[in-house]
Amino acid sequence: MSERAAPAYCPYCGDEDLRPEEGSHRRWSCRACRRVFEIAFVGLLASRADQARDSASGS
Ligand SMILES: [Zn+2]
């Protein structure tokens, strides 16, 4: 996946002045609070079909 996720706001102070950090494509720095953070992909939400199946099996 070559597309990078670009944050719109700093998750710590809410400022919009974010810059990509060198060395890591997912690392960003905030010019307002000087924090450096990473954006990580965790996973996908379960589909509606999976949720319906799980609730049905529980009864
Ligand atoms: Zn910030």
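Strand 1 and strand 2 form a hairpin with six residues between them, and Gly23 in the turn has a positive phi of about 105 degrees. Strands (E, at least two residues) and helices (H or I, at least four) are DSSP runs, numbered from the N terminus. The model is predicted: local features need pLDDT of at least 70 and side-chain atom pairs count only at pLDDT 80 or more, while totals for chains, interfaces and linings use all residues. Residues are numbered from 1 along each chain as its sequence is written.

Strand 1 and strand 2 (residues 27-30) run antiparallel and are joined by three bridges; two strands pair if DSSP finds at least two bridges between them. Within this pair, Leu18 has Cys30 as its bridge partner, and Pro20 has Trp28. Trp28 also stands opposite Phe37 in strand 3. Strand 2 and strand 3 pair in the antiparallel sense over three bridges. A hairpin with five residues between the strands is formed here too, and Arg34 in its turn has a positive phi of about 65 degrees.

The three strands make an open sheet of order 1-2-3 with antiparallel pairing. Strand 1 (18-20) and strand 3 (36-38) each have a single partner strand and stand at the edges, so one side of each is left without a neighbour in the sheet.

A residue is buried if 20 or more other C-beta atoms, placed from the backbone, lie within 10 Å of its own. Of the 59 residues in the protein chain, 3% are buried. The chain follows the pattern β-β-β-α along the sequence.

Note on methods: A residue is buried if 20 or more other C-beta atoms lie within 10 Å of its own, exposed if 12 or fewer, and partly exposed in between; C-beta atoms are placed from the backbone.
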